[in-house]
Amino acid sequence: VASGILALGLLIFGRKILTLWLGAAEAEASAEVLWYLTIAYWLLAINVVPHFILLGVGRIRVVATSNLVAGLVSLLAMFMLIQHYGLMGVGIARIIFGVIILSNFISLFVYLRDENGKFTAKDNNKHST
């Protein structure tokens, strides 16, 4: 929720903040890049919790694999996108990284479903005996 509020604030007021900070000319040149980077880092912020929960429950290989795949894909995308979009290509590549990292949520939900099933089965066996 906190990262969503902060990201929304940057999306709405980012151009004004840049204008106050850097001046109108620089703000105009960098406002669109800020928009893409805000979305990208919001995606990364919402992935902090599943990242550390998966590490804490021992799913290190899942986290490492998702980070490696996301890093390689975004690096390749960055090389291709910078040629066509300049600095906005960096922001788009970071968004791609964030979207791939969302796979940690899937891994976490699968883990929680499997663990919940184990506890439910144990509880049912206790009550039936």
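This is a predicted model: local features need pLDDT of at least 70, side-chain atom pairs count only at pLDDT 80 or more; totals for chains, interfaces and linings use all residues.
**Notebook: contacts, fold and surface**

I began with Leu55, which touches Ile60 and Val63 once residues up to four places away in sequence are left out. I placed Leu55 in helix H3, which covers residues 48-56.

Next I looked up the overall fold, and I found six helices and zero strands in the protein chain. Read along the sequence, the pattern is α-α-α-α-α-α. I then checked the radius of gyration, which is 20 Å and well over the 14 Å that the globule rule gives for 129 residues, so I describe the protein chain as more spread out than a compact globule. For the extents along the principal axes, I wrote down about 75 × 30 × 15 Å for the C-alpha trace.

Among contacts with a separation of 6 or more, 67% come from residues 24 or more positions apart. Of the 129 residues, 26% count as buried. The accessible surface comes to about 8700 Å², and carbon and sulfur atoms hold 72% of this area.

On that surface I looked for nonpolar side chains, and I recorded a patch formed by Leu8, Leu10, Leu11, Ile12, Phe13, Ile17 and Trp35, which together have about 650 Å² of accessible area. Helix H1, residues 2-22, supplies the largest share of this patch, with six residues. I took Leu11 as one member to check: Leu11 lies in helix H1, and I list Leu11 as partly exposed because its relative accessibility is 33%, where membership of a patch asks for over 30%.

Last, I went through the charged pairs, and a search of the whole structure gave two salt bridges. In one of them, the side chains of Glu28 and Arg15 meet at 3.0 Å, N to O. This pair links distant parts of the chain, since Glu28 sits in helix H2 (residues 24-46) and Arg15 in helix H1, 13 residues apart. I logged Glu28 as exposed because its relative accessible area is 53%, while Arg15, at 44% relative accessibility, counts as partly exposed.

Arg113 forms a salt bridge with Asp114, and I noted 3.2 Å between the closest N and O atoms. Arg113 has a relative accessible area of 56% and is therefore exposed, whereas Asp114, with a relative accessible area of 36%, is partly exposed.

Notes:
Residues are numbered from 1 along each chain as its sequence is written. Side-chain values use heavy atoms; hydrogens and water are left out. Patches are made of residues with over 30% relative accessible area and no salt bridge: like charges are joined within 9 Å, nonpolar side chains (Val, Leu, Ile, Met, Phe, Trp, Tyr) within 5 Å. Accessible areas come from the Shrake-Rupley method with a 1.4 Å probe; for residues, only the protein chains shown count as cover. A salt bridge is a side-chain nitrogen of Lys or Arg within 4 Å of a carboxyl oxygen of Asp or Glu. Helices (H or I, at least four residues) and strands (E, at least two) are DSSP runs, numbered from the N terminus. Buried means under 20% relative accessible area, exposed over 50%, partly exposed in between (1.4 Å probe, protein chains only). The radius of gyration is taken over C-alpha atoms; the globule rule is 2.2 Å times the number of residues to the power 0.38. Contact means heavy atoms within 4.5 Å.
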